[in-house]
Amino acid sequence: WAFPLMVMFGIVGAVILAQDEIIQEKQSGTAAWILSKPAARSAFILTKLLSNLLGALIFIVVLPGLVTLGETYLAAHKVISLVPLLAGLGVTWLALACYISLVILLGVLFGSRGPVLGIALGILFGGRMIASFFPPLAYVLPVTMDGVAQAVMLGIPLPVMGVSQVISTAVLTIGFTLVALWRFRKLEL
């Protein structure tokens with residue numbers, strides 16, 4: 001039960017940490033100043049995205065993964081198989097990447113923090129609730145990636161919904177990034 005909790009708290013933490021990346025730069029005028037120099041607009045967005053993805057990988061995925069590995073060894077006196085653990089952590093990072101790219105996109109689209117946090121966390125928690133009443137939603141939204149990550153880590157074969165969710169999460173991540181890049185090119189600062 002600790003692994004899905006780690007994934008959920010990790011996503012919430014990543015959303016909260018990344019929500020100010022673009023908005024703060026737009027509000028303070030730093031984005032306009034940086035973009036007045038010979039810097040590509042896409043580089044501005046991609047550096048924000050990649051720095052958050054790297055931070056999430058290290059502090060929300062790898063370090064807790066190592067703690068999980070150590071705790072399991074201390075409690076059960078056996079080592080978790082490394083390949084399933086890494087695969088589960090990879091699914092966790094994919095979920096984080098999706099929400100981080102969504103937050104970056106929302107930061108480009110909106111000028112205040114409220115809609116960014118509201119929409120991102122609304123999709124996370126509201127999507128889970130709606131998917132419990134309308135299960136096909138879980139095929140396309142990353143609302144139960146915590147369970148998918150745990151199943152992968154435990155070596156449990158994924159149902160079609162889990163495989164579909166992993167694929168759709170990757171597609172959404174790329175889509176959010178491309179839309180953020182496209183929209184930021186058109187944005188007047």
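Phe125 touches Met8 and Val12, leaving aside residues up to four places away in sequence; contact here means heavy atoms within 4.5 Å. The model is predicted, so local features need pLDDT of at least 70 and side-chain atom pairs count only at pLDDT 80 or more, while totals for chains, interfaces and linings use all residues. Residues are numbered from 1 along each chain as its sequence is written, and side-chain values use heavy atoms, with hydrogens and water left out.

Phe125 lies in helix α6 (residues 113-133). Helices are DSSP runs of H or I with at least four residues, numbered from the N terminus. With a relative accessibility of 44%, Phe125 counts as partly exposed, a class between buried (under 20% relative accessible area) and exposed (over 50%), for a 1.4 Å probe and protein chains only. Phe125 and Thr68 are 57 residues apart in sequence, and their C-alpha atoms are 25 Å apart in space.

The next topic is a pair of helices. Helix α5 (residues 82-109) packs with helix α7 (residues 145-154) at an angle of about 165 degrees, and their axes are 7 Å apart. Axes are lines fitted to C-alpha atoms, for helices over the stretch in contact, and angles run from 0 to 180 degrees between N-to-C directions. The two helices are therefore roughly antiparallel to each other, the term for angles over 145 degrees. On the α5 side, the contact is made by Pro84, Leu85, Ala87, Gly88, Val91, Thr92, Leu94 and Ala95, and on the α7 side by Met145, Val148, Ala149, Val152 and Met153. By class, this contact has 11 nonpolar residues, 2 polar residues and no charged residues. Ala, Val, Leu, Ile, Met, Phe, Trp, Tyr, Cys and Pro count as nonpolar, Asp, Glu, Lys and Arg as charged, and the others, Gly among them, as polar.

Helix α7 is largely enclosed by the rest of the structure, because 7 of its 10 residues are buried. These buried residues are Met145, Asp146, Val148, Ala149, Ala151, Val152 and Met153. Just after α7, Gly155 takes a positive phi of about 80 degrees.

Finally, the structure holds 1 aromatic pair. The ring centres of Phe44 and Phe184 are 5.2 Å apart and the planes stand at 10 degrees, so the pair is stacked; rings pair if their centres lie within 6.5 Å, and planes under 30 degrees apart count as stacked. Phe44 lies in helix α4 (residues 41-76) and Phe184 in helix α8 (residues 160-186), so the pair ties together parts that are 140 residues apart in sequence. Both Phe44 and Phe184 are buried.

Conventions
Parallel < 35°, antiparallel > 145°, perpendicular 65-115°, else oblique. Phe/Tyr/Trp six-rings, centres within 6.5 Å; stacked < 30°, edge-to-face > 60°.
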